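Me: Could you take a close look at one hairpin in this chain for me, and then tell me how the rest of the fold sits around that picture?

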Amino acid sequence: MKPAAGMLASGAVAAALLFAPGAEGAVLEPADDFAVGDQPESVAVGDFNGDGAKDLAVANRGDDDVSVLLGDGAGDFDLDDDYTVGDEPQDIVAGRFNNDPDFDLAVANRMDDTISILLGEGDGTFADAETENVGSSPRSIAEADFDRDGRRDLAVANFNDDDVSVLLGRGGGEFRRVADRKVGDTPRAVEAGEFNGGKGRDLAVVNDMDEDVSILLNKGEGKFGSRRDFGVGAMPFSIILGKFKPGGGEDFAVPNSADNNVTVRLGRGGGRFGGADEFEVGANPFFVEEGDFDLDGNRDLVVSNFDDADISLLLGNGDGTFDMPDDYAVGTNPIGSFVSDLDGENGPDVVVTNSADDDISVLLNEA
Ligand SMILES: [Ca+2]
Ligand SMILES: [Ca+2]
Ligand SMILES: [Ca+2]
Ligand SMILES: [Ca+2]
């Protein structure tokens, strides 16, 4: 770690004592929990019924379905309905996949090598799932308009195939699988980002066995160049892209579940990254998201710690370094998380899936 980060650590210890969860000055309020299905692993956010309040969709790996929870705009959620998807859904994204303004859902099903598309009706309900084939053991799904035709597209990380399937949206909620691009060994997570200001959104893929991130730059028309790999730590699980320091392209943060830390590498533009810095988090960190939680203009990180039943909030310093974490209790074995302003005040809030409790935790921001 850079000397500057070490200097900040002593001040951060004092801050951690002051900002204990639930205490005055804490950034996040104590969690409220809401029941979902069996073994929830991933959550997506959107306004599914068009009432201006954010809603939630949770992929339940143990139930092979998706729970939809409608929000009241103040941080409360009601379970509305469950929708059958494929075998062991692992990841879910919300987006607009057909030609109406309503949010739809896309789900990666790890055991039957498919994705499920659930088209939204605009009233909080969804049509029966349509199925598309992808590679072997899809673990993660990302959405963006990769070919810039105005239709949203999908990228899926196939864990057993060491590749990423690219599916271009055709409108109407249908997709055409145009390519499987090679990445590293056992890709576990994929995100769409912008690394070179080029021809559309690029891809960042986390490779478990290789302990690195493959960057694939968009060449236009939904085609991607050869991968360039950047090392992270042991058993990396997920990735978030953001601007943790001004300049360059997007930066990335990756939790290393076997190292109990997060690797941050700063974008230099052109799809290249600076050296790795590590920041300590809790035990067995799985998911990372980003947002400006204390509203100081610097982007912060939030990480779910699977073995600790909590999340770590690392406040950013705006120079690519982060303070020591403040931890907030959630449920048992938290995995997926999503950051969004769920109550329309006080900046971004956090929702976390507790895979062993069959519920989700919502932590509202009180900054
Ligand atoms: Ca809503
Ligand atoms: Ca497109
Ligand atoms: Ca901040
Ligand atoms: Ca909020």
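Reply: Strands here are DSSP runs (E, at least two residues; helices are H or I, at least four), numbered from the N terminus, and two strands pair if DSSP finds at least two bridges between them. Bear in mind that this is a predicted model, where local features need pLDDT of at least 70, side-chain atom pairs count only at pLDDT 80 or more, and totals for chains, interfaces and linings use all residues. Residues are numbered from 1 along each chain as its sequence is written, with chains lettered from A and ligands numbered from 1 in the order in which they are written.

Now the hairpin. Strand E12 (residues 163-171) and strand E13 (residues 174-182) run antiparallel, joined by eight bridges. Take Leu167: its bridge partner in E13 is Arg177. Two residues sit between the strands, and Gly172 has a positive phi near 75° in this hairpin.

Zooming out, the chain has 30 strands and one helix. Contact means C-beta atoms, placed from the backbone, within 7 Å. Beyond its neighbours within four places in sequence, Leu105 touches Ala44, Ala57, Val66, Ile92, Ala94, Leu118 and Phe126 by that rule.

As for overall dimensions, the C-alpha trace spans about 55 × 45 × 30 Å along its principal axes.

Technical notes. Two residues are in contact if their C-beta atoms, placed from the backbone, lie within 7 Å.
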